[in-house]
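Here are my notes on the model, point by point. Please keep the structure open as you read.

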Amino acid sequence: MYKDYVNVIVMDHPLIKHKISLLRDKDTGTNEFRKLVEEIAMLEAFEAFRDLPLKDVEVETPIEKCISPVIEGKKLAVVPILRAGLGMVNGITALVPTAKVGHVGLYRDPETHEPHEYYCKLPEPIDQRLIVVIDPMLATGGSAVAAVDYIKKRGGKAIKFLCIIAAPEGVKRLAEAHPDIEIYIGNVDRELNEDAYICPGLGDAGDRIFGTK
């Protein structure tokens, strides 16, 4: 189903697939889980940033001066959806240390599974930045759609979304609500269960990243 959407990119790199399998394992401890999330985020960002614009500048090497490319325009904005999205930040900022970091705080109603915003802080000028929204899980798609909605309302224009695991239901909802953004996914799983958890999934990403229950 996700193949019907031109703005959805599902990763096929063996390293990403391997690390996701390690994430799924219920015996993977907090420290290893956290490191794997960071590593997968970095690998996904490497692909997502493939189209960053470049400009030529003069650089003096130990041998001579030359013209060499650097990233053009305003710096990136990395916006994790709290709290689980925080686990992906270090992987991306390790790749792009100059990136600014914003935050969108959402909580999910336990009965309706719909998101509610409680915090939003974005780096300025947000309308001149490439914004990368990150969350390990794309389940119902409600939080992702709401986060992109909030960012657009505050002036954000160029937006990409990165997640590690997605359910088909969430992919459909986000792709149709925001067809203008690129959605990068580590793996699309089978379905959501009655509690809106991804199956087979990897459990609660936030709890496993932060060691909470």
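1. Glu182 is partly exposed, at 27% relative accessibility. Here buried means under 20% relative accessible area, exposed over 50%, and partly exposed in between (1.4 Å probe, protein chains only). Lys160 is buried at 5%. The side chains of Glu182 and Lys160 form a salt bridge, with N to O at 2.4 Å. That term means a side-chain nitrogen of Lys or Arg within 4 Å of a carboxyl oxygen of Asp or Glu. Glu182 sits in strand E11 and Lys160 in strand E10 (residues 158-166), 22 residues apart. Shared partners join Asp51, Lys160 and Glu182 into one network of salt bridges.

2. A word on the source: this is a predicted model, where local features need pLDDT of at least 70 and side-chain atom pairs count only at pLDDT 80 or more, while totals for chains, interfaces and linings use all residues. Residues are numbered from 1 along each chain as its sequence is written, and side-chain values use heavy atoms, with hydrogens and water left out. Helices (H or I, at least four residues) and strands (E, at least two) are DSSP runs, numbered from the N terminus.

3. How many salt bridges does the structure hold? There are ten. One of them pairs Asp189 with Arg24, with the closest N and O atoms 2.7 Å apart. Asp189 lies in the loop between strand E11 (182-188) and strand E12 (191-192), and Arg24 in helix H1 (residues 14-24), so the pair ties together parts that are 165 residues apart in sequence. Asp189 is buried, at 5%. Arg24 is partly exposed, at 24%.

4. Look next at Lys152. Its side chain meets that of Asp180 in a salt bridge (2.8 Å, N to O). Lys152 is in helix H4, and Asp180 is in the loop between helix H5 (168-177) and E11, 28 residues away. Lys152 is partly exposed, at 27%. The side chain of Lys152 also makes a polar contact with the side chain of His178, at 2.8 Å. Such a contact is a pair of N or O atoms within 3.5 Å; within protein, one must be able to donate a hydrogen and the other to accept it, and residues adjacent in sequence count only if both atoms are side-chain atoms. His178 lies in the loop between H5 and E11. His178 is buried, at 3%.

5. Now the cysteines. The count of disulfides (pairs of cysteine sulfur atoms within 2.5 Å) is zero. For Cys120, the nearest cysteine sulfur is that of Cys163, 20 Å away. Cys66 is partly exposed, at 28%.

6. Check the backbone too. Most residues other than glycine have a negative phi, and most peptide bonds are trans. A cis peptide bond joins Leu82 and Arg83, with omega about 0 degrees. Arg83 lies in the loop between E4 and helix H3 (86-95). The bond from Glu124 to Pro125 is cis as well, with omega near -10 degrees. Pro125 is in the loop between strand E7 (115-121) and strand E8 (130-134).

7. Ala196 is not a glycine, but has a positive phi of about 65 degrees. Where is Ala196 found? Ala196 lies in the loop between E12 and strand E13 (198-199). Ala196 is buried, at 7% relative accessible area.
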